[in-house]
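Good morning, and thank you for coming.

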Amino acid sequence: ECSPYAAHLYDAEDPSTPVRTIPGLCQDYCLQVWQKCRSIFRSLSADKELIALENNMAKFCHYLALEDTDYCFPHLLANQNLNQNLGLVTANAEGCLQLCLMEVANGLRNPVAMVHANDGTHRFFIAEQVGLVWTYLPDRSRLKKPFLNISEAVLTSPWEGDERGFLGIVFHPKFKFNGKVYVYYSVQVHYEERIRISEFRISPADMNALDHGSERIILEIEEPASNHNGGQLLFGDDEYLYIFTGDGGMAGDPFGTFGNAQNKSALLGKVLRIDVNNNDRGPLYRIPPDNPFLNDPKARPEVYAYGVRNMWRCSFDRGEPDTKEGKGRLFCGDVGQNKYEEIDIVEKGKNYGWRAREGFSCYDKKLCANSSMDDVLPIYAYPHKMGKSVTGGYVYRGCESPNLNGLYIFGDFMSGRLMSLKEDPATGEWQYSEICMGTGQTCMFPGLINNYYQYIISFAEDEAGSELYFMSTGIPSATAPHGVVYKVVDTSRRAPPGKCQVEPLPVRVKSKRIQFVPKEKFIMKTPTPRPRLKAMTEAPQRGRSDPGTPRTSSVDWVGQAPPLPGNQSQLSTTLAPSSRTPKPRKGGQRRGQRRKKKPPSTALPLRNGSVRLMEQQGRGRSQGRVEVYINGEWGTVCDDGWSSAAATVVCRQLGFPYVVRATKKAEFGEGASLRILLDDVQCSGQEETLLECAHADVGTHNCSHEEDAGVVCSREEVADW
C-alpha cells in the first residue's frame with residue numbers, strides 16, 4: 001500500500017523545498033547503499049547534483065538525509081509511534097470516524113436507489129421516487145433520455161415524507177444475456193393501493209432504455225395504509241429474487257390477532273424469496289425448493305423470513321476480498337415504531353420479532369412474553385434520540401479506502417447521522433462508531449467535500465464493488481430536485497494508484513449526454529465535540545417489557561447550520577447540510593467571515609409565534625435560549641427534534657440571514673420561570689414561525705428545562721479560522 005508518509009520521505013510537505021527524486025535515506029542504510037549499489041542512482045534519478053556526489057560517500061549521504069530523521073527510510077517502517085494506527089480510520093477526540101465525500105450526481109428528486117447492470121459497462125442507474133430511472137455513464141454524465149419512465153403509473157405525491165412511489169430496482173444477475181430488470185413501486189388499482197413488482201426487458205433498439213411495453217406484473221400485494229411500503233429488491237448469490245415488504249402501515253401493525261408481520265399467511269411484513277429464472281413460459285415465478293415454509297399449509301410459500309416492520313434498504317455482504325469471509329450475509333435496517341431503530345442479519349426461516357419487539361425492547365408485552373416466538377434479536381439497535389428512521393447500508397468491501405474494509409456503514413433518514421458497525425471476530429459482537437465529516441485539513445483535497453444534505457435515503461455500491469455511495473436530499477419530497485449522490489472517501493489511507501482502476505466496456509449512446517457539474521462545496525469548519533448516545537447492545541429477559549432508557553455516555557449532539565434560504569441576493573445558493581439531529585431540512589457547517597457590527601435590537605410585534613433570545617448579543621453573535629410567544633405568554637422550546645432547520649426559522653424571524661448553530665441542553669441557561677410551550681419541533685427551514693412547523697400540542701411535552709433549546713445567529717458568515 002502507498003505509504004501515508006510519502007510526503008515526509010520526499011520532504012514535500014513544504015512546497016518551497018527543492019523537488020526530490022530519491023526519498024530520504026537513514027544514515028546507516030545510505031552507507032550500505034553507497035558501498036554496494038550506488039551506481040543504480042544514475043538510472044533512478046536525473047538529479048545532476050546527486051550524481052556528481054556519487055564518489056563522495058559523506059556528501060552523497062548528507063545530500064539524501066532528511067532533517068527530521070524520524071521519517072527516513074527504512075527506519076520509518078519500524079517506527080511504532082508512527083505506524084501503530086495505520087489500519088484505522090482517522091477519528092476525532094470523541095471517537096467519531098472522520099470521512100470525506102465526493103459528489104457524483106445532483107438535481108435528483110428523492111433518489112431512492114442506485115444500481116448497476118453487472119454487464120461490464122460500469123454504468124449506474126439512479127431511480128427517483130416519482131418513477132423515473134436515469135442512466136449515468138462512468139464519466140458521471142447523464143443521458144437525457146430516461147432509462148425508465150413509469151411516472152404516470154406510480155402512486156406518490158409532493159407531500160414531504162410520503163412513503164409511496166417508485167421504491168426499488170434490481171437487474172437480473174444475467175442481465176447481460178436476458179436483458180431483464182425488476183422494479184418495485186406503489187400503484188392504485190380501482191381505488192385500492194397496492195405494491196407491484198414488475199419485470200421489464202431492455203429495448204432492442206437502445207441499450208440505455210427499457211422497453212416500456214414489455215412490463216409483466218410478477219406480484220401485487222394490497223397495501224391497507226399509505227406507509228410502510230417496504231421497497232427493496234435484491235438478487236442473492238443463489239440467483240433468487242428477494243423482496244422486502246412492510247407490515248402494511250398505520251402504527252403497531254394492528255392487522256389481525258398478531259399483526260401482518262407475525263402472520264406467515266400474509267405477504268406483508270416479510271422477506272420473500274421467489275425464482276424468476278426461465279419464466280418466459282409457464283408461471284411468472286416459482287418457489288425455490290428450499291424455501292423454509294414450503295410445506296407449511298398455514299404459510300405462504302414465498303416467505304423467507306418474517307416479523308419485520310419496514311425494512312428500508314438491505315444488502316448482501318460481498319465478503320472479505322481475500323478470504324471471502326462474511327460473503328452472503330444479508331444486512332437490513334428495520335425502521336422502528338416509537339423508541340428504537342435496528343440492524344438485522346436476515347437468515348432463512350427466522351422471526352425478527354415485530355410486533356412483539358422493537359429493537360431489543362418489548363413492544364407488545366403479551367407477544368413478547370410468548371416463549372414460542374423464538375425471535376432473532378438485532379445485531380444493533382439505537383434509540384430515537386439518535387434518529388427515528390434507519391436507512392440500511394453496506395459492509396464496505398471496496399478498494400480505494402482499505403481501512404474501511406469490514407465496516408457496515410448505514411445512516412438515519414431523520415437525524416442525518418452516518419454510522420458504522422464493526423464485528424469483533426473474537427466475540428461476534430458489533431461495535432458502534434459514529435461517522436462525521438472531516439474537519440480541518442482532512443478533506444482539503446481536490447474534488448472532496450465534507451458536508452451533505454440531511455435526509456439519507458439510500459446506499460449503493462458500484463459495479464466493481466469497489467466503492468460505497470449514499471443518496472440524500474435537502475427536502476424529502478418526491479418532486480423536489482435537491483437529491484445528491486455522494487461517494488464515501490477515507491483520506492487517512494488510500495489504495496496504490498492504479499490498483500482500483502476499471503476498464504468499462506463501451507456503451508452505445510443514442511441519447512444526448514448531460515455533463516456532470518458538481519455544485520457542492522468544501523466547508524471549512526471547527527472540529528466541535530459531539531457527545532453521542534450509546535445504543536443498546538444487550539437484550540432484556542424474555543417476558544419483560546421495555547428495559548428502560550439505554551445507557552448513555554452523554555446527551556444527544558448538536559450540529560451547525562448553513563446560511564438561511566430566502567433572499568438569494570444576499571445568501572449563498574449552495575446549501576450543503578451535514579449530519580444533524582431530528583428533524584432538519586438543510587444542515588451543514590458553513591462559516592464565513594466574522595461579523596464586525598452587532599445586529600440592531602429590533603422589537604418584534606407580540607403575535608403568536610414571535611420569538612426572543614435570552615441573550616440578544618454575545619461574543620459578537622446573536623445567541624441565546626429560544627423563547628416563544630403563544631396565546632399571551634412566553635415559554636421555552638424543548639430540544640427534542642430541535643435542529644438547524646428550526647434554528648433557521650428563529651434566526652430569520654429575528655432578522656439574521658445566517659444561523660451558526662442550533663443548541664441543546666440549556667446551553668444558554670434554563671428558563672425555569674416559564675412554561676415549556678413547544679416540544680418535538682420539526683421544521684423544513686421554510687416556515688415563518690415555529691408554530692408552522694410540526695410540533696406536539698402547545699404546552700404538551702415530555703422534557704424538562706434542562707433540555708431548553710437555543711440558537712446562535714449572525715448577520716454575516718462567521719469564520720473561526
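This is a predicted model: local features need pLDDT of at least 70, side-chain atom pairs count only at pLDDT 80 or more; totals for chains, interfaces and linings use all residues.

Four strands form an open sheet in the order 7-8-9-10, and their pairing is antiparallel. At the edges lie strand 7 (166-171) and strand 10 (206-222), each of which pairs on one side only. On average, neighbouring strands of this sheet are turned by 25 degrees against each other, direction ignored. Strand 9 (residues 192-203) and strand 10 are joined by nine bridges. Within strand 10, Asp-211 is the bridge partner of Arg-201.

Next, the disulfides. A disulfide is a covalent bond between the sulfur atoms of two cysteines. How many disulfides does a search of the whole structure find? The search finds nine. One of them joins Cys-399 to Cys-500, with an S to S distance of 1.9 Å. This link is left-handed, with -85 degrees about the S-S bond. Cys-399 lies in the loop between strand 21 (390-395) and strand 22 (408-412), and Cys-500 in the loop between strand 27 (483-489) and strand 28 (513-514), so the pair ties together parts that are 101 residues apart in sequence. Both cysteines, Cys-399 and Cys-500, are buried.

Finally, I turn to a helix. Is helix 9 (residues 644-653) mostly covered or mostly uncovered? Helix 9 is mostly covered, as nine of its 10 residues are buried. Among these buried residues are Val-649, Val-650 and Cys-651. The buried residues of helix 9 pack against strand 29 (611-613), strand 30 (622-630), strand 32 (658-663) and strand 34 (710-714). Just after the helix, Gly-655 takes a positive phi of about 90 degrees.

Key: Residues are numbered from 1 along each chain as its sequence is written. Side-chain values use heavy atoms; hydrogens and water are left out. Buried means under 20% relative accessible area, exposed over 50%, partly exposed in between (1.4 Å probe, protein chains only). Helices (H or I, at least four residues) and strands (E, at least two) are DSSP runs, numbered from the N terminus. Contact means heavy atoms within 4.5 Å. Two strands pair if DSSP finds at least two bridges between them. Axes are lines fitted to C-alpha atoms, for helices over the stretch in contact, and angles run from 0 to 180 degrees between N-to-C directions. A disulfide is a pair of cysteine sulfur atoms within 2.5 Å.
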